[in-house]
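Please look at the sequence and the structure before reading on.

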Amino acid sequence: MVHHPISACRRIPNLAQIYLIGFYEEREFALYVSSISNELRIPVRYLREDKPHGSAGGLYSFRDYIMEDSPSHIVLLNCDVCSSFPLPDMLEAHKKYGGMGTLLVNKVSAESANQFGELVADPETNELLHYTEKPETFVSDLINCGVYIFTPNIFSAIEDVLKQKQDRANLRRVSSFEALQSATKALPADFVRLDQDILSPLAGKKELYTYQTLDFWEQIKTPGMSLRCSGLYLSQFRRTSPHLLASGDGKRTATIVGDVYIHPSAKVHPTSKIGPNVSISANARVGAGARLINCIILDDVEIMENAVVIHSIVGWKSSIGKWSRVQGEGDHNAKLGITILGEAVDVEDEVVVVNSIVLPNKTLNVSVQEEIIL
């Protein structure tokens with residue numbers, strides 16, 4: 001999930017630095033950050049928040065790092081977003097607008113719009129006129145995609161909000177006991193949300209503009225959505241990086257159907273049939289007669305002879321036995337719409353796993369359906 005937005009950043013001209021801001025332990029990202037820095041030949045650094053500061057507050061808390069190279073622009077991407085990330089074109093549009101920030105926007109169905117930040121933009125100038133986060137009533141079918149380009153003035157805007165919040169907090173301290181009680185329920189004074197605290201107040205002030213993507217866009221809200229997004233990225237590779245996709249007719253190599261990625265270190269038997277929408281990671285092994293459809297196979301997985309994997313994510317170091325079947329129904333939004341095996345899960349021979357989530361380090365010797373195995 002993190003790799004695709006970071007890879008998209010390499011298309012930005014004169015890119016100085018990439019920062020990953022998150023709440024995970026630094027050791028979780030140490031190896032990845034090192035390898036992606038070498039691959040892109042751009043410095044990548046992980047910055048860990050000490051506590052939640054909100055989407056804008058988190059950016060502000062690391063402003064000294066971000067401003068180290070005196071950047072002219074700051075590109076902000078949410079990593080739970082799947083997109084073609086048209087960043088160079090968006091940057092050009094942002095420079096023409098001359099505002100403080102530009103949002104990537106997309107049109108969705110009126111029924112699904114209220115799951116996102118809805119906005120109204122001037123059809124001529126693309127200026128952001130109105131913004132509301134997940135409204136109860138329909139405002140617009142134009143939504144915020146969670147991809148932004150800002151000038152460094154964004155930090156002044158966040159600072160203004162922080163001062164206002166601090167002033168309100170100080171007022172509450174000298175107010176009555178009841179007001180003090182309500183203050184304890186309020187968000188911390190240094191918690192600033194990009195959408196409600198920055199975008200909404202600045203809308204209609206000739207500071208923010210929109211750039212509409214006509215390409216694919218999804219938000220990864222469920223594990224199943226990551227499987228759908230894997231398919232979208234594979235189809236993008238067909239257009240942009242066809243050399244990354246596998247091919248084969250079942251003679252010397254496996255039979256490949258549709259868009260399939262196979263890591264160079266993976267070993268796939270020529271009698272297996274793979275695809276469409278399959279991603280096979282490093283050091284995975286796929287045995288004779290295996291059938292894989294719409295799935296993600298992570299590092300060091302072994303899929304034995306005649307096993308079947310459909311609509312599933314198979315975690316690192318897992319193994320699927322001979323004649324076994326690991327399958328989901330393929331509903332990306334349902335809780336159990338796809339099957340997920342955690343790390344080091346062993347599915348023994350002739351076992352069927354359907355629409356289930358299996359936590360790490362489990363051995364399944366009986367068939368399961370629509371279960372979460374803790």
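How many salt bridges does a search of the whole structure find? The search finds twelve. The model is a predicted one, and the values below are computed from it.

**Salt bridges**

Side chains of opposite charge can pair when their charged atoms come close.

| Pair | N to O distance | Relative accessible area |
|---|---|---|
| R193 and D197 | 3.4 Å | R193 26%, D197 14% |
| D259 and R238 | 2.8 Å | D259 12%, R238 43% |
| K317 and E343 | 3.6 Å | K317 49%, E343 34% |

In the bridge between D259 and R238, the closest N and O atoms are 2.8 Å apart. D259 sits in the loop between β11 (255-256) and β12 (260-262), while R238 belongs to helix α9 (residues 223-240), so this pair ties together parts that are 21 residues apart in sequence. D259 is buried at 12% relative accessibility, whereas R238 is partly exposed at 43%.

K317 and E343 also meet through their side chains in a salt bridge. The loop between β19 (308-314) and β20 (319-320) holds K317, and the loop between β22 (339-341) and β23 (346-347) holds E343, so the two tie together parts that are 26 residues apart in sequence. K317 is partly exposed, with a relative accessible area of 49%, and E343 is partly exposed as well, at 34%.

Salt bridges with shared partners join K165, R193 and D197 into one network. Within it, the side chains of R193 and D197 meet at 3.4 Å, N to O. R193 is partly exposed, but D197 is buried, because its relative accessible area of 14% falls under 20%.

**The second largest pocket**

The second largest pocket holds about 210 Å³ of space. Its lining is made up of V108, S112, Q115, F116, W217, E218, Q219, K221, T222, M225 and N333. Strand β10 (residues 217-219) gives the largest share of this lining, with three residues. Sorted by class, the lining has four nonpolar, five polar and two charged residues.

**Residue N106**

Is N106 buried or exposed? N106 counts as buried, at 10% relative accessibility. The residue is part of strand β5 (residues 101-107). Leaving aside residues up to four places away in sequence, N106 touches D141, L142, I143, C145, Q212, T213 and W217. One of these, W217, also lines the second largest pocket.

Note on methods. Residues numbered from 1 in each chain as written. Predicted model: local features only at pLDDT ≥ 70, side-chain atom pairs only at ≥ 80, totals over all residues. Heavy atoms only, no water. Helix = DSSP H or I, 4+ residues; strand = E, 2+ residues; numbered from the N terminus. Buried < 20%, exposed > 50% of the residue type's maximum accessible area, 1.4 Å probe, protein only. Contact = heavy atoms within 4.5 Å. 1 Å grid on protein atoms, 1.4 Å probe; cavity = no way out; pocket = protein on both sides within 12 Å on 5 of 7 lines; lining within 4 Å. Points joined across faces, edges and corners; volume = space filled by probe spheres on them. Nonpolar A, V, L, I, M, F, W, Y, C, P; charged D, E, K, R; others polar. Salt bridge = Lys/Arg side-chain N within 4 Å of Asp/Glu carboxyl O.
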